[in-house]
Amino acid sequence: MKLSSQAKFLILAEIAVFAAISWYFWNESRIREIYGILPPYSGQDISYAGASDFTASLPANFIKERKDALKELERLLSRSPKNYDDWLQVGVSKKFFNNYEGARDAWEYAKLVDPNVSTAYLNLGGLYGAYLNDYPKAEFNYKTALSIDSLVFPYYYLALADFYENFYIEKKNQAESVLLQGAAAIPFDVSIKVRLGLYYKKAGFKDKAIKYLKEALAINPSLKEVREELLILSKS
């Protein structure tokens with residue numbers, strides 16, 4: 001039986017629709033395989049900058065620019081909710097306005113988008129520790145950031161040590177072990193050596209202070225302040 005042109009067209013259309021549906025489900029399957037199933041964002045509205053005395057003190061045009069930037073991020077994320085960098089930027093913008101809850105929501109969601117990137121964990125460590133006063137959560141996020149990038153960023157060790165010394169006072173003595181771990185993991189980093197030297201100086205361990213300051217100076221002989229600190233310690 002010979003098919004009419006209209007019948008041929010309908011068959012081809014059905015094949016095209018079937019192919020499109022098949023591609024959609026295959027593509028969704030691949031996305032889920034790579035990223036997992038991402039739950040919908042249920043935090044503070046992305047476009048909400050926040051309201052505080054600090055916000056009210058800023059020039060109106062500056063506030064408008066920042067709010068417009070958040071609206072643009074909201075638009076972008078409605079189309080591409082798995083854009084990790086955009087979620088980070090939402091948190092940065094909200095934190096600028098002292099909107100700590102909004103920053104928390106954005107960075108917590110960034111962790112869901114990609115749990116294998118350390119930046120959101122580090123940001124949340126500082127946020128929970130210095131602004132939201134939730135020290136267990138701060139500690140968890142700092143430690144998770146370190147578990148991801150323990151051999152890359154010396155600042156992570158410094159941030160966790162400072163958190164223990166200045167905020168989580170009950171665990172203040174853990175600052176030393178964190179710095180020692182950093183010195184072992186990144187042995188040629190000057191910042192950790194200097195921080196250890198100053199830590200031991202403050203704690204009254206002169207010999208240990210001199211040891212680490214000398215190691216820092218051996219790595220970078222141009223450190224004038226470290227050289228002066230060593231001179232003071234040697235005379236004390």
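User: On what basis are residues numbered and values computed here?

Analyst: Residues are numbered from 1 along each chain as its sequence is written, and side-chain values use heavy atoms, with hydrogens and water left out. Because this is a predicted model, local features need pLDDT of at least 70 and side-chain atom pairs count only at pLDDT 80 or more, whereas totals for chains, interfaces and linings use all residues.

User: How many helices and strands does the protein chain have?

Analyst: Helices (H or I, at least four residues) and strands (E, at least two) are taken as DSSP runs, numbered from the N terminus. Read along the sequence, the pattern is α-α-α-α-α-α-α-α-α-α-α-α. The count for the protein chain is therefore 12 helices and 0 strands.

User: What percentage of the residues in the protein chain is buried?

Analyst: Buried means under 20% relative accessible area, exposed over 50% and partly exposed in between, with a 1.4 Å probe and protein chains only. Of the 236 residues in the protein chain, the buried ones make up 36%.

User: Why does the distance between the end C-alpha atoms of α8 agree with its number of residues?

Analyst: The expected span of a helix is 1.5 Å times one less than its number of residues. For the 13 residues of α8 this should give 18 Å, and the end C-alpha atoms agree because they are apart by 18 Å.

User: Against which helices do the buried residues of α8 pack?

Analyst: Helix α8 is mostly covered, with 10 of its 13 residues buried, among them Pro154, Tyr157, Leu160 and Glu165. Those buried residues pack against α6 (119-130), α7 (135-148), α9 (174-185) and α10 (190-203).

User: Is Trp107 buried or exposed?

Analyst: Trp107 is placed in helix α5 (residues 100-113). Leaving aside neighbours within four places in sequence, Trp107 is in contact (heavy atoms within 4.5 Å) with residues including Trp87, Leu88, Ala120 and Leu127. Since its relative accessible area is 3%, Trp107 is buried.

User: Is Asn141 buried or exposed?

Analyst: Asn141 lies in helix α7, where its contacts, leaving aside neighbours within four places in sequence, include Lys111, Tyr121 and Tyr128. Because its relative accessibility is 1%, Asn141 counts as buried.

User: Where does Asn133, which has a positive phi, lie?

Analyst: Asn133 has a positive phi of about 55 degrees although it is not a glycine. With a relative accessible area of 52%, Asn133 is exposed. Its place is the loop between α6 and α7.

User: What is the relative accessible area of Val152?

Analyst: Val152 lies in the loop between α7 and α8. Val152 counts as partly exposed, because its relative accessible area is 46%.
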